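Subject: Handover of a structure for your review

Dear colleague,

Please find below the structure that I am handing over to you. My notes on what was found in it follow directly after.

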2 protein chains.
Amino acid sequence: MNRELEKITPLEQDFAKWYTDVVKNGNLIAYGPTKGSIIFKPNSYGIWELIQKNLNNIFISKGIKNVYLPLLIPKSLFELEKEHIVGFNPELATVLMVGERSLQEPLVIRPTSEVLFADLFKKSINSHNDLPLIYNQWANVVRWEKTTNPFLRSREFLWQEGHTCHSDAMEARKFTREMISTYAKFLKNYLAIPTIIGKKTPKEKFAGACSTYTIEAMMKDGKALQAGTSHYLAQNFSKPYKITFKNKNNEQEFVYQTSWGVSTRLLGAIIMTHGDNRGIIIPPYVAPIQIDILELFAKKSEKVSNISKQIYQEINKKFRVNLDNSDRNPGFKASNSEIQGVPLRIEIGPRDAENNEVTFVRRDTLQKFQVKIIDVKKTIRKTLKDIHENLYKTALTRLQNNVAYVYSYDDFQKEIKKAKFVYAPFCCLDRAEEVIKEETGATARCIPIKLFKKPQQTHKCIYSDCQKETNRYVVFAKAY
Amino acid sequence: MNRELEKITPLEQDFAKWYTDVVKNGNLIAYGPTKGSIIFKPNSYGIWELIQKNLNNIFISKGIKNVYLPLLIPKSLFELEKEHIVGFNPELATVLMVGERSLQEPLVIRPTSEVLFADLFKKSINSHNDLPLIYNQWANVVRWEKTTNPFLRSREFLWQEGHTCHSDAMEARKFTREMISTYAKFLKNYLAIPTIIGKKTPKEKFAGACSTYTIEAMMKDGKALQAGTSHYLAQNFSKPYKITFKNKNNEQEFVYQTSWGVSTRLLGAIIMTHGDNRGIIIPPYVAPIQIDILELFAKKSEKVSNISKQIYQEINKKFRVNLDNSDRNPGFKASNSEIQGVPLRIEIGPRDAENNEVTFVRRDTLQKFQVKIIDVKKTIRKTLKDIHENLYKTALTRLQNNVAYVYSYDDFQKEIKKAKFVYAPFCCLDRAEEVIKEETGATARCIPIKLFKKPQQTHKCIYSDCQKETNRYVVFAKAY
């Protein structure tokens, strides 16, 4: 496509504008016809497909089975769990008409599928032999958000939602934690994103859950992004939806449940964790195109296009490769590859060809180096691995360097202004969180399961009205 | 799960009831909470995932790129193409409210995405260098059908829809035909289903298309099932939606378009092409479980469970395998495998174990034979191939044996009662088709691109009011 390469606003200058520019120019999306709706173009949908494929393989290895449930939920079914309906009601898109006829019962477009799974589980489960029952679904969901932002907050998004039933609470709680660890590992190994694992405060948990675990990632502007969640639902749904099983003593009991999900938000996390002033940088293991082969000045040298084709054919089966043999100028080709975030490009010009070598250019470090043609294949594998590891290490260092521990509300207010993840002794919840949010813009991200540095003593709760001694730390940050 | 294996109504006795029984007992679906809505359980969703994966690989080899467009379409955008909106309007589910607020503009849930792709193409295409542009989307769609039937006609279904733009009509027409051939080949090679390729009559074509190609499969009751379609849209959408490009003479021109799709209807086609009185038979290349290993009387012989485990581990990486080492009785295990349509089962009992062999049982022929343990792996590959080929050959023979050529309306009426695909000389369309449908229940399935036997001479059109000589044949049949 004859796309013009537009200028990207520097991220230091205006992070929000930088993000929008990267999304627009990276060939990632087009805007849809309704406000805030987006079209996933091949360069972003391809990332999601690779996330799906790799995460799905992990699910399969855990014996998780995929199913598909209806898009539309009768509103009356949705209303059985009170906290759930109160939490979601303002965001529910509701179908009232079909053709020219009104429906007898309003149908809501799923914002999540707990209540449908509840209905399925009720019909599927008889005895403890049927448990645990572990299902997952890849689907689109709709939540009518007031403000929208591509990938981060859109009215329709794509996700996977896992739903499980267990015969005892301990097992369900353990599974909830297992899934949040699975997500953290996946983000590390495939997206090169480090995260902090923790529990949500009651105020921030999922509407209907008993407790919610989260992984929180730090974006380049220091803000937090909730990248995945895993909920322990206890019997909150099994009681109103009557999901029972016969236990080993032949008594009817309500099942214990979990649910867990990650979504296309992860694409926003990738951009804001790794991106730079040239655009998105896609981590190699989820890059739709891992390698751009650029023919340079091929008209001047037949050898250039021969070598390009030879290399393309040699590596095409093992890697996701694109060959740019157009006659556009070298500068355009390089910029075009960079702005689309292709992790590695191989440039082949007349001089390279004469020396039987090619030039590797890493998207992450912009480092260039020559590689003998005979070594190309093995060097690719190593370089992609290096890029992944460097992206992860860089993000981890940034996270570690931007964590602050505070022991007073004064320090808290100072640190939170510097765009940091602030660890604070904090025992108050709900109203205290409201006040802190109003005064500083920060929210309680989680009660971390591990602390970077173990505090030596108890400290006073930083909330001014409290000041009780506590050894519970809460991570606060401004967040997406 | 402690499922009871229920009786399936014989297909000779009541085909519709047989179908419902097979669907229900094959662990394929559960019914959802709204009328006619279904839940795809792992045994049916797994088939769809394999259809997706294999068809997607074919798409990738053709350079087709996947994208994802919004679920909701502003009604005003939908209304620009007149024939399209008239065709779909009665089936459109419309969102009028969000939370407690009314929307300013009604949003329809996509029944298909021509108009959204039109909007995207309009923004993406500038010159002939951008063409052809070939996109595909895997998505859910909603069409509010009056009567529903699992997989065959449901209010929500899953599909892929391809959408393309071309700079000239010839190229677009050629691509339309290429995609229908691709589908026919896919059904043959993966689903073991033979089809007849043809063009729809104007009455039966897609609302908004210039012409529609179809593949028609014959179900076991002789009825036709439209299994895939490919539409040449000409400039029907590009004109109202203003999708233009600069041609080589630097003039603005409207693009020429195609669209094409297959859906979860294919699951219904699989059931009604291959199923028998024991239930569904899943063709091996799309079977979520290709092989059931059944341990029989393992308690009596340790060797049995050792061999089962050894074989499972040996073949688990290459095939999709399930090991049933429960202590249920052999009869239940075999029936359970059969009713779920697993193409091959390997039974291992104490006597087999003593002889260092196992028993293979084919789901299609129910044929049993012993295989030496050392030969298991290579025999599996061959047997799965044989099952696929046998399923295809059986279906093709049935199709060929149930085609009739008629040259008078009297014969037409006789043959169509015998549940046949009837080829008839026919030059009349529209009103004549209405009359025939009223009198016989049959519809014009297609104008086939090839005839089984080439007619030697022209014949009179079978429509009583016409009787002109014609050499155009139309295939009529009752249809799903």
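Is B:K123 buried, partly exposed or exposed? With a relative accessible area of 46%, B:K123 is partly exposed. Please bear in mind throughout that this is a predicted model.

The side chain of B:K123 forms a salt bridge with that of B:D119, at 3.3 Å from N to O. Both residues belong to helix α5 (residues 114-124) of chain B, where they are 4 residues apart, about one turn of the helix. An α-helix has 3.6 residues a turn, so residues three or four places apart point the same way. B:D119 is buried, because its relative accessible area of 13% falls under the 20% cut-off.

Further salt bridges

Over all chains, the search of the whole structure finds 47 salt bridges. One of them joins the side chains of A:E434 and A:K203, with 3.9 Å between N and O. This pair links distant parts of the chain, 231 residues apart: A:E434 is in helix α13 (residues 431-440) of chain A, and A:K203 is in the loop between β9 (196-199) and β10 (211-218) of chain A. A:E434 is partly exposed at a relative accessible area of 38%, and A:K203 is partly exposed at 30%.

A salt bridge also connects A:E357 with A:K372, whose closest N and O atoms are 3.3 Å apart. Here too the pair links distant parts of the chain, with A:E357 in strand β18 (residues 357-362) and A:K372 in strand β19 (residues 368-372) of chain A, 15 residues apart. A:E357 is buried, with a relative accessible area of 15%, whereas A:K372 is partly exposed, with 41%.

Surface charge

A patch of positive charge on the surface is formed by A:R173, A:K174, A:R177 and A:K199. Helix α6 (residues 169-191) of chain A supplies the largest share of this patch, 3 residues. A:R177 lies in helix α6 of chain A, and its relative accessibility of 39% makes A:R177 partly exposed.

Buried and exposed helix positions

Helix α7 (residues 265-274) of chain A is largely enclosed by the rest of the structure, because 10 of its 10 residues are buried. Among them are A:R265, A:G268, A:T273 and A:H274.

A:A118, in helix α5 (residues 114-124) of chain A, is buried, with a relative accessible area of 0%. From C-alpha to C-alpha, A:A118 and A:L191 are 32 Å apart in space, and they are 73 residues apart in sequence.

A:K417 is in helix α12 (residues 409-417) of chain A and counts as exposed, at 70% relative accessibility. A:K417 and A:E12 are 405 residues apart in sequence and 16 Å apart in space, C-alpha to C-alpha.

Relation of the chains

Chain B is superposed on chain A by a rotation of 180° with 0.0 Å of shift along its axis, at an RMSD of 0.0 Å. That is the relation of a two-fold axis. Among the residues of chain B, B:V95 comes closest to the rotation axis, its C-alpha being at 2.1 Å.

Yours sincerely

Definitions and conventions
Residues numbered from 1 in each chain as written. Chains lettered and ligands numbered in written order. Predicted model: local features only at pLDDT ≥ 70, side-chain atom pairs only at ≥ 80, totals over all residues. Heavy atoms only, no water. Patch = residues over 30% accessible without salt bridge, like charges linked within 9 Å, V, L, I, M, F, W, Y side chains within 5 Å. Areas by Shrake-Rupley, 256 points an atom, 1.4 Å probe, with all protein chains shown as cover. Salt bridge = Lys/Arg side-chain N within 4 Å of Asp/Glu carboxyl O. Lys, Arg positive; Asp, Glu negative; His and termini not counted. Charge placed at Lys NZ, Arg CZ, Asp CG, Glu CD. Helix = DSSP H or I, 4+ residues; strand = E, 2+ residues; numbered from the N terminus. Buried < 20%, exposed > 50% of the residue type's maximum accessible area, 1.4 Å probe, protein only. Least-squares fit on C-alpha atoms with pLDDT ≥ 70 in both.
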